[in-house]
Amino acid sequence: MATIGASDRVSNALVEALGPEQVLVDPETKAGYLCDWTGRWEGEAAAVVRPGTAEEVHRVVRICEEFRHPLVPQGGNTGLVGGSIPHDGEVVLSLRRLNQLSAVDQGSREVTVGAGVTIGTLQEHARRSGLAYGVDLASREGGTDAAANVA
């Protein structure tokens, strides 16, 4: 479990690295990241960070490592078992802003997508290229995939 002083220090370092708009520390702004889709699992986080690039993710991980502060990655937060919910003051690493999409490679029928791209967005991107992304979950507008093949 993280101590209060350690939480303040890691939060300050994260704000310095990513800016205050991408590091949420206010209880009201963190609330949506602290409870799963079912409302059954709820926790507490020192901060919620919202990196927009792989370099920013790298900075967050290095800061948490430096302060030996636990980190919980979170995609669309649509899980049903509380796996992405912080429990003891961890830092939540939200992947939602990692929403970059590459062009569809027609030859290999592949596309590279950021970890924050929703399945619904990927389905539409593939459809515009005359292809289909075969995965279809109820959480298609909230869930995420790190990379995908389309057919």
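K30 is buried, with a relative accessible area of 5%. Here buried means under 20% relative accessible area, exposed means over 50%, and partly exposed lies in between (1.4 Å probe, protein chains only). The model is predicted: local features need pLDDT of at least 70, side-chain atom pairs count only at pLDDT 80 or more, and totals for chains, interfaces and linings use all residues. Residues are numbered from 1 along each chain as its sequence is written, and side-chain values use heavy atoms, with hydrogens and water left out.

**Salt bridges**

- The whole structure holds five salt bridges. The criterion is a side-chain nitrogen of Lys or Arg within 4 Å of a carboxyl oxygen of Asp or Glu.
- K30 is bridged to E44, and their closest N and O atoms are 2.9 Å apart. K30 sits in helix α2 (27-30) and E44 in the loop between α2 and β2, so the pair ties together parts that are 14 residues apart in sequence.
- E44 counts as partly exposed, at 40% relative accessibility.
- E55 and R59 form another salt bridge, at 3.6 Å from N to O. Both belong to helix α3 (residues 54-66), where they are four residues apart, about one turn of the helix.
- E55 is partly exposed at 43% relative accessible area. R59 is also partly exposed, at 30%.
- E124 and R128 pair with their closest N and O atoms 3.7 Å apart. Helix α4 (residues 119-128) carries both, four residues apart, about one turn of the helix.
- R128 is exposed, with a relative accessible area of 59%. E124 counts as partly exposed at 33%.
- E124, R127 and R128 belong to one network, joined by salt bridges that share partners.

**The sheet**

- Helices (H or I, at least four residues) and strands (E, at least two) are DSSP runs, numbered from the N terminus. Two strands pair if DSSP finds at least two bridges between them.
- Four strands form an open sheet with mixed pairing, in the order β1-β2-β4-β3. The edges are β1 (23-24) and β3, each with a single partner strand, so one side of each is left without a neighbour in the sheet.
- Strands of a sheet pair through backbone hydrogen bonds, either parallel or antiparallel.
- Strand β2 (residues 45-49) runs parallel to β4, with five bridges between them. In that pairing, A47 has V91 of β4 as its bridge partner.
- Strand β3 (residues 71-74) is also paired with β4 in the parallel sense, over four bridges. Q74 is the bridge partner of S94 in β4, and L71 stands opposite V91.
- Strand β4 (residues 89-94) is mostly covered, with six of its six residues buried.

**Nonpolar cores**

- A nonpolar core is a set of buried Ala, Val, Leu, Ile, Met, Phe, Trp, Tyr and Cys residues joined through side-chain atoms within 4.5 Å.
- In soluble globular proteins, nonpolar side chains tend to be buried together.
- The largest core has 17 residues, of which V10, L14, V23, V49, V60, V91 and L93 touch the most other members. At least two residues of this core come from each of α1 (4-18), β2, α3 and β4.
- Leaving out residues up to four places away in sequence, V23 touches S11, L14, V15, L18, A47, V48 and V49. Contact means heavy atoms within 4.5 Å.
- Another core, of nine residues, lies apart from the largest one; V113, I119, L131 and Y133 are among its members.

**Around A47**

- A47 lies in strand β2. A47 is buried, at 0% relative accessible area.
- Beyond its neighbours within four places in sequence, A47 contacts S11, V23, L24, V25, K30, E90, V91 and V92.
- S11 and A47 are 36 residues apart along the chain, yet their C-alpha atoms are separated by 6.2 Å.

**Surface patch**

- W37, L80 and V81 make a nonpolar surface patch of about 390 Å². L80 is found in the loop between β3 and β4.
- Patch residues have over 30% relative accessible area and no salt bridge; like charges are joined within 9 Å, and nonpolar side chains (Val, Leu, Ile, Met, Phe, Trp, Tyr) within 5 Å. Accessible areas come from the Shrake-Rupley method with a 1.4 Å probe, and for residues only the protein chains shown count as cover.
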